Amino acid sequence: MFGTAGIGRSSAGDNDFFQATNAIGLGFPIASRVGGFIEHFIAANDGLADFQTIDGGITWLVTDHIQLDVTGGVGVDGPAPDGFVGGGIAIRW
């Protein structure tokens, strides 16, 4: 089980806004350097509608210090995106 929290500044069209995010999820091993996860994500937006998503993905530990991931999900409520895909990289210093 894991949790994350963040705060940042973002933009949508001509609107700049602050966004607070949090997520809670569950990670699980698939193979020695491959894992999976599912999570519930919430974004609270200053001046725009808040939204929630459910997503999941796969992680690949390329080296002991670099991890790649792909993710996809769907919106839970009205202002959330209908669906999305994404990717990321994590580097341990």
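A: Let's start with the neighbours of Glu-39: leaving aside residues up to four places away in sequence, Glu-39 touches Phe-2, Ala-23, Ile-24, Gly-25, Thr-53, Ile-54 and Asp-55. Please keep in mind that this is a predicted model. Glu-39 itself sits in strand 3, which spans residues 34-45.

Now for the charge on Glu-39. This residue is buried, yet it has no salt bridge. The nearest side chain of opposite charge is that of Arg-92, and it lies 19 Å away, whereas a salt bridge needs the side-chain nitrogen and the carboxyl oxygen within 4 Å.

Stepping back to the whole chain, there are six strands and zero helices, so by definition of those runs the order along the sequence reads β-β-β-β-β-β. Of the 93 residues, 19% are buried, and Glu-39 is one of the buried residues. Among contacts with a separation of 6 or more, 28% link residues 24 or more positions apart. The C-alpha atoms fill a box of roughly 45 × 30 × 20 Å along the principal axes. The accessible surface comes to about 6200 Å², with 62% of it belonging to carbon and sulfur atoms.

As for confidence, the chain has a mean pLDDT of 93, and 100% of its residues reach 70 or more.

Technical notes
Residues numbered from 1 in each chain as written. Predicted model: local features only at pLDDT ≥ 70, side-chain atom pairs only at ≥ 80, totals over all residues. Heavy atoms only, no water. pLDDT = per-residue confidence, 0-100. Helix = DSSP H or I, 4+ residues; strand = E, 2+ residues; numbered from the N terminus. Buried < 20%, exposed > 50% of the residue type's maximum accessible area, 1.4 Å probe, protein only. Contact = heavy atoms within 4.5 Å. Areas by Shrake-Rupley, 256 points an atom, 1.4 Å probe, with all protein chains shown as cover. Lys, Arg positive; Asp, Glu negative; His and termini not counted.
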